[in-house]
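Reader: Could you take me through the packing in this model, one step at a time?

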Amino acid sequence: MHWQKFQADNIFDGEKLLPKDWVVICDAEGRIEEIVDSNSAGDDVQHLKGIISPGFINCHCHLELSHMKGLIAEKTGLVDFVFSVVTQRHFPEEEIYDAIVKAESEMQKNGIVAVGDICNNLLTFPQKSKQNLHYYNFIESSGWHPDIANSRIERSKTYFDAFKEIAPSSIVPHAPYSVSDDLWKLIQPYFENKVVSIHNQETNFEDELFIQNSGDFVRMYKMMNIDTSFYKPTGQSSLQSHFAKLQQAAQVILVHNTFTQQADIDFIKNSGSAKHVSFCLCANANLYIENALPPIELLCKNDCRIVLGTDSLASNNSLSILDEMKTIQQHFPSISLEEMLRWATLNGAKTLQMDDSLGSLQKGKKPGLVLIENVAADELTSTSAMRRLF
């Protein structure tokens, strides 16, 4: 057996940073054999500058929107962004396929090994069939008016039946403001033992809709000619209005959380489901769309499980988990690199139910190995970059 041996300034094993005198040993395919003291590693150790880490897990992406890079203006707010996506996403299929191939290649180059990917069509199916990355496909169902619930679930089931043949897949609600109670009831039977993702509190007027049926979503429904006369507000925040409907899921990913508050976190804790919930941060997309950031320190203070996502190239300039960590560090300097790496690796692998093979440098796993270069005193710098070792 030919072993590959790597030593660096630090090794991050998925949970903690190890000091520099440790060596990670793997086989020719990148399967981890062990991490040993340098005195026990023998010859042929490759000495590298930087931090060795397991490959990154991107818990929220819209690969099918990769052709929309640079198309939508920044900082328009969520309603105008969503309207632009809905009305401008239709391109020739060949262009969309080409953009998907390039975007997946970018993720691979950026050290991403697994992706929780939103699917509203089958356009990503050909590329995902090549098995270049591990995918968890979230077949997104949406429809605010009750009359279209049946047609929407039937369409989602068609996509689900296709995607489940090539990767773990689930049918999920798009967002609280786009799924009627009738559609919720049709989606819920598909939650059991699955990972379920939902866009959550991405804008400050999402709560307004549920508390008093006001705010900018009312404008969005008018723009889209959607009759909302059936709707009755719950008098509670968006998250508190829908969270009980997710109880059957094995894992829940709340995505964005830009305007989540302590009362919402308390609501989750009181539900008894906190250990199954992950808060996915997509910091660069939040800045791109709303010019706002989620309350990351509040989530940390409450010991919430945090994972990272890139969102899509329609709302981000790159598909890079390292770029997400740089932005978080810039705005929240008290959060350590070790903590962010945990979000980017083992937390993400657990959330996507892939921690049996990804997320940490445990014997027998094949998690991908990346080297983060140009790190200064355990902090990322503007020139921090990464390359794949496996």
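Reader: In this predicted model, which residues of α7 are met by residues of α1?

Author: The α1 side of this contact is made by Leu78, Val79, Asp80, Val82 and Phe83. Their counterparts in α7 are Asp216, Phe217, Arg219, Met220 and Met223.

Reader: Are α1 and α7 roughly parallel or roughly antiparallel to each other?

Author: The axes of α1 (residues 78–88) and α7 (residues 216–223) come within 9 Å and cross at roughly 25 degrees, and the crossing is right-handed. Angles under 35 degrees count as roughly parallel. The two helices α1 and α7 are therefore roughly parallel.

Reader: Which strands stand at the edges of the open sheet, and why is one side of each left without a neighbour?

Author: The sheet has 4 strands, paired in parallel and ordered β12-β13-β14-β15. Each edge strand has a single partner strand, so one of its sides has no neighbour in the sheet. The strands at the edges are β12 (195–200) and β15 (305–308).

Reader: What is the bridge partner of leucine 254 in β14?

Author: Strand β13 (residues 251–256) pairs with β14 (residues 277–281) in the parallel sense, over 4 bridges. For leucine 254, the bridge partner in β14 is phenylalanine 279.

Reader: Which residues of the largest nonpolar core touch the most other members?

Author: This core holds 85 residues, and Leu341 has contacts that include Phe12, Leu17, Ile51 and Ile372. A second, separate core of 21 residues includes Ile72, Tyr177, Met220 and Tyr288. In the largest core, the residues touching the most other members are Phe56, Met107, Met325, Ile328, Leu341, Trp343 and Leu352.

Conventions: Residues are numbered from 1 along each chain as its sequence is written. This is a predicted model: local features need pLDDT of at least 70, side-chain atom pairs count only at pLDDT 80 or more; totals for chains, interfaces and linings use all residues. Side-chain values use heavy atoms; hydrogens and water are left out. A nonpolar core is a set of buried Ala, Val, Leu, Ile, Met, Phe, Trp, Tyr and Cys residues joined through side-chain atoms within 4.5 Å. Buried means under 20% relative accessible area, exposed over 50%, partly exposed in between (1.4 Å probe, protein chains only). Contact means heavy atoms within 4.5 Å. Two strands pair if DSSP finds at least two bridges between them. Axes are lines fitted to C-alpha atoms, for helices over the stretch in contact, and angles run from 0 to 180 degrees between N-to-C directions. Angles under 35 degrees count as roughly parallel, over 145 as roughly antiparallel, 65 to 115 as roughly perpendicular and the rest as oblique. A crossing is left-handed if the near helix is turned anticlockwise from the far one by less than a right angle, and right-handed if clockwise. Lists of a residue's contacts leave out its neighbours within four places in sequence.
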